[in-house]
Amino acid sequence: MSTPIPVISATGLFTPADSISNEELVESFNAYVARFNAGNAAAIEAGEVQPLSPSSVEFIEKASGIKARYVLSKAPILDPAIMCPRIPERPDTELSVLAEIAVKAATQALARAGRDAADVDAVLCACSNLQRAYPAIAIEVQAALGIEGFAFDMNVACSSATFGIQTAADFIRAGHAKSVLVVNPEICSGHLNWQDRDSHFIFGDVATAILVESRDIAPAAHWEILGTRLKTEFSNNIRNNFGFLNRAAPEGIGQPDKLFRQEGRKVFKEVVPMVSDMIVAHMADLGLEAGSLRRMWLHQANANMNRLISSKVLGHEASPDESPTVLDTYANTSSAGSIIAFHLNSDDLAAGDTGLICSFGAGYSAGTVFLRKTA
């Protein structure tokens with residue numbers, strides 16, 4: 001019996017209703033800075049406290065390429081007295097917010113594939129920030145959709161979606177499942193330090209879904225998975241220390257390290273060559289040449305990083321058609337970024353075209369998924 005061939009049958013996308021522009025964000029942040037500096041004027045004058053510096057639209061766009069971001073809770077984020085989303089806890093009898101947005105993206109993916117939820121064998125929730133330790137969000141999504149089989153959560157930070165795709169593809173190849181739903185709900189606004197000038201603009205909220213199936217049951221229009229590859233290297237340059245052991249060291253509760261933090265310049269310097277080399281090596285092993293790569297759907301974290309990576313892979317600066325971006329309107333949505341780019345910029349490709357989904361981030365971690373479109 002031949003080994004089943006895994007494909008991507010469809011993707012889905014949930015986008016929150018509210019968006020925050022850079023202009024709105026800067027106005028809010030600078031109001032906070034003014035309040036902080038005024039309230040600490042004496043300590044600043046005595047040299048006991050460092051004054052905060054205002055931000056600007058120009059700084060944000062030059063540093064990242066981000067112009068706006070979608071969020072689930074806009075008003076509290078923009079309130080200089082709060083600067084944090086407010087998402088009320090729900091009773092255990094109600095669908096959690098992370099599961100809710102995952103279900104919305106999953107429902108769209110299933111509809112696009114013409115697939116009934118009852119035909120799915122497994123659910124993987126692959127994202128950066130899980131709402132709770134247990135029960136698994138994936139099992140909650142499974143129950144909400146009426147899917148039998150099994151489900152579990154996995155976290156590889158910004159690379160979670162590509163790690164999820166390989167895991168799903170391996171289940172298909174091994175015969176453990178014929179249809180696997182991978183969901184990537186990302187409420188990144190919850191772990192972002194909105195009071196930090198160097199990072200307050202980075203993240204947004206969203207949810208994506210990917211239906212990975214055996215080719216023999218997939219719809220006629222699908223993407224064959226030519227190959228997947230994963231890589232990790234330990235680094236402290238992107239870190240979040242929030243976890244269940246925080247209560248065992250109460251002096252650290254609420255400290256900045258319990259939110260997202262990074263050494264941006266170090267990340268840029270180290271991740272760009274790591275990812276570029278990984279893509280080139282994987283292409284060579286698959287017998288693919290740079291000229292045959294029709295489109296790259298890269299992780300949407302930083303426009304300058306993507307520009308350098310695509311240039312190293314293609315041998316020239318990529319056009320918007322060769323490496324589309326959604327970073328300007330969605331900001332960094334962690335694991336969902338490359339999937340949004342794929343979801344919104346793949347229908348125009350022709351049968352036989354080859355593309356790459358690639359994500360990278362904390363860990364360090366990186367994943368590559370080479371695809372070929374069918375009819």
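Biologist: Is H191 buried or exposed?

Modeller: The idea is a cut-off on relative accessible area: buried means under 20%, exposed over 50%, and partly exposed in between, with a 1.4 Å probe and protein chains only. H191 is buried because its relative accessible area is 11%. This is a predicted model, in which local features need pLDDT of at least 70 and side-chain atom pairs count only at pLDDT 80 or more, while totals for chains, interfaces and linings use all residues. Residues are numbered from 1 along each chain as its sequence is written, and side-chain values use heavy atoms, with hydrogens and water left out.

Biologist: Where is the place of H191, and which residues is H191 in contact with?

Modeller: Helices (H or I, at least four residues) and strands (E, at least two) are DSSP runs, numbered from the N terminus. H191 sits in the loop between β6 (179-187) and β7 (205-214). Contact means heavy atoms within 4.5 Å. With neighbours within four places in sequence set aside, H191 is in contact with N129, F203, N240, L259 and F260.

Biologist: Is T333 buried or exposed?

Modeller: T333 counts as buried because its relative accessible area is 0%. T333 belongs to the loop between α10 (327-330) and α11 (337-344). Its contacts, not counting residues up to four places away in sequence, are E186, C188, G204, V206, Q300 and I340. A331 has its place in that loop between α10 and α11 too, and is buried at 0% relative accessibility. The phi of A331 is near 65°, a positive value in a residue other than glycine.

Biologist: And Q50, is it buried or exposed?

Modeller: Q50 is exposed, because its relative accessible area is 63%. Q50 is in the loop between α2 (41-45) and α3 (57-64). From Q50 to N40 there are 10 residues in sequence and 9.2 Å in space, C-alpha to C-alpha.

Biologist: Which residues of helix α6 are buried, and what covers them?

Modeller: In helix α6 (residues 137-145), the buried residues are I137, A138, E140, V141, Q142 and L145. Their cover includes α5 (97-113), β4 (122-126), β5 (150-154) and β6. Just after α6 comes G146, with a positive phi of about 75°. P135 lies in the loop between β4 and α6, and a cis peptide bond with omega of about -5° joins Y134 to P135.

Biologist: Which strand is joined to β8 by nine bridges?

Modeller: Two strands pair if DSSP finds at least two bridges between them. Strand β13 (residues 365-373) is joined to β8 by nine bridges, and the two run antiparallel. Within that pairing, G227 has F370 of β13 as its bridge partner. Strand β1 (residues 6-14) also pairs with β8 (residues 223-232) in the antiparallel sense, over two bridges. There I8 has W223 as its partner in β8.

Biologist: How many salt bridges does the structure hold?

Modeller: A salt bridge is a side-chain nitrogen of Lys or Arg within 4 Å of a carboxyl oxygen of Asp or Glu. The structure holds 17. One of them joins the side chains of K74 and E24, at 3.0 Å from N to O. K74 is in helix α4 (residues 74-78) and E24 in helix α1 (residues 22-39), so this pair ties together parts 50 residues apart in sequence. K74 is partly exposed at 21% relative accessibility, and E24 is partly exposed at 28%.

Biologist: Which residues are linked in a network of salt bridges?

Modeller: The network links R294, R295, D321, D348 and D353. The side chains of R294 and D321 meet at 2.7 Å, N to O. R294 lies in strand β11 (residues 293-298) and D321 in the loop between α9 and α10, so parts 27 residues apart in sequence are tied together.

Biologist: Which residues lie nearest the centre of the second largest pocket?

Modeller: Rolling a probe the size of a water molecule over the atoms shows where empty space is left. On a 1 Å grid over the protein atoms alone, a pocket is an open set of points where a 1.4 Å probe fits, with protein on both sides within 12 Å along at least five of seven lines; lining residues have an atom within 4 Å of a point. The second largest pocket is lined by 14 residues, and A303, N306, R307, S323 and T325 lie nearest its centre. Helix α9 (residues 303-314) gives the most to this lining, with four residues.
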